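Please examine the model shown here. The paragraphs below treat single residues, then the helices, and finally the cores and the ligand.

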Amino acid sequence: MDDLTIARALHVLAIVHWIGGVSLVTLVLLPGITRSVPPKDRLSLFEMIEGRFAFQARISTLIAGATGFYMTHQLDAWYRFTDPTFWWMHAMVLIWVLFTFVLFVAEPLFLHRWFHEQATVAPEKTFALVLRMHRILLTLSLVTVGASVLGAHGAL
Ligand code: HEM
């Protein structure tokens, strides 16, 4: 087995863990909390569960990024970023940049504090907004996963 294949397997494992976690938060945790937990109790429950995932997602995004750039280098595929027909390569990097910014910059610097303050003052509105943002990110991520498999296997 060559190192490109190992990098590909690690890339896919990291994506499964990371986007799978985003699916769980978006499709199960947030709707469940919104429906069944009284507004005043939502924040602490959400922060406890999502906080644990955010830490794990940081590791997954690091592995996905490192293996992604490694494969690009090994495949000598940098030229793809100048060719629009490889839009799925741009999509992967865009999703990675978005999540990296949220997890490593926005959350620690201001997003966590902003969410905590807003969810204390107006839980209904804040959770609705957070759910909408998660739905948008999940949709973009899933389209990217599908397109990347098709693209990597020559079907696009
Ligand atoms: C820095 C960010 C990333 C880079 C540089 C990158 C790069 C790559 C490269 C070079 C490949 C192999 C393409 C080929 O075989 O022709 C690949 C495959 C793939 N990537 Fe990424 N990727 C990144 C992030 C992501 C993200 C965020 C996702 C999902 C949302 C993703 C999902 C996939 C999938 C599903 C495959 C196909 C695996 C297969 O079926 O062989 N990647 N990536």
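With 12 C-beta neighbours inside 10 Å, Val97 counts as exposed; a residue is called exposed if 12 or fewer other C-beta atoms lie within 10 Å of its own, buried if there are 20 or more, and partly exposed in between, with C-beta atoms placed from the backbone. Val97 belongs to helix H3, and its C-alpha atom is separated by 9.4 Å from that of Thr61, 36 residues apart along the chain. The model is a predicted one, in which local features need pLDDT of at least 70 and side-chain atom pairs count only at pLDDT 80 or more, while totals for chains, interfaces and linings use all residues. Residues are numbered from 1 along each chain as its sequence is written.

The chain contains 4 helices and 0 strands, where helices (H or I, at least four residues) and strands (E, at least two) are DSSP runs numbered from the N terminus. In sequence order the pattern is α-α-α-α. The C-alpha trace spans about 55 × 25 × 25 Å along its principal axes. Of the 156 residues, 19% count as buried. Among contacts between residues at least 6 apart in sequence, 83% join residues at least 24 apart; two residues are in contact if their C-beta atoms, placed from the backbone, lie within 7 Å.

Helix H1 has 34 residues, which at 1.5 Å a residue should span 50 Å, and its end C-alpha atoms are 47 Å apart, in agreement with that value. The expected span of a helix is 1.5 Å times one less than its number of residues. The buried residues of H1 are Ala7, His11, Ala14, Ile15, Trp18, Ile19, Val25, Thr26, Leu30 and Ile33. These buried residues of H1 pack against H2 and H4. An α-helix has 3.6 residues a turn, so residues three or four places apart point the same way.

How far does H3 span between its end C-alpha atoms? The distance is only 41 Å, whereas a straight helix of 35 residues would span 51 Å at 1.5 Å a residue. H3 bends by about 85 degrees at Glu107, and a proline, Pro108, follows within four residues. Met89, Met92, Ile95, Phe99 and Ala119 are buried in H3, and the cover over the buried residues of H3 includes H2 and H4.

The loop between H2 and H3 holds Asp76 and also Trp78. Asp76 is exposed, with 8 other C-beta atoms within 10 Å, and has a positive phi of about 50 degrees although it is not a glycine. Most residues other than glycine have a negative phi. Trp78 is likewise exposed, with 11 other C-beta atoms within 10 Å. The C-alpha atoms of Trp78 and Met89, 11 residues apart along the chain, are separated by 9.8 Å.

The largest nonpolar core is made up of 7 residues, namely Val25, Leu30, Ile33, Phe46, Ala119, Phe127 and Val130. A nonpolar core is a set of buried Ala, Val, Leu, Ile, Met, Phe, Trp, Tyr and Cys residues joined through C-beta atoms within 7 Å. H1 and H4 each supply at least two residues of this core, and H1 gives the most, with 3 residues. Apart from this core lies another, of 6 residues, among them Ala14, Ile15, Ile19 and Ala57. Within the largest core, Leu30 is in contact with Val25, Phe127, Val130, Leu131 and His134, leaving aside its neighbours within four places in sequence. Val130 is located in helix H4 and counts as buried, with 20 C-beta neighbours inside 10 Å. The C-alpha atoms of Val130 and Leu29, 101 residues apart along the chain, are separated by 12 Å.

Which of the 23 residues around the ligand come nearest? They are Gly68, Met71, Met92, Trp96 and Ser148; a residue is near a molecule if its C-beta atom, placed from the backbone, lies within 6 Å of it. Two or more residues of the shell come from each of helix H1 (3–36), helix H2 (39–74), helix H3 (87–121) and helix H4 (123–152). By class, the shell has 15 nonpolar, 7 polar and 1 charged residues. Here Ala, Val, Leu, Ile, Met, Phe, Trp, Tyr, Cys and Pro count as nonpolar, Asp, Glu, Lys and Arg as charged, and the others, Gly among them, as polar.

Notes: Bend = angle between axes of the 7 residues up to and from the residue.
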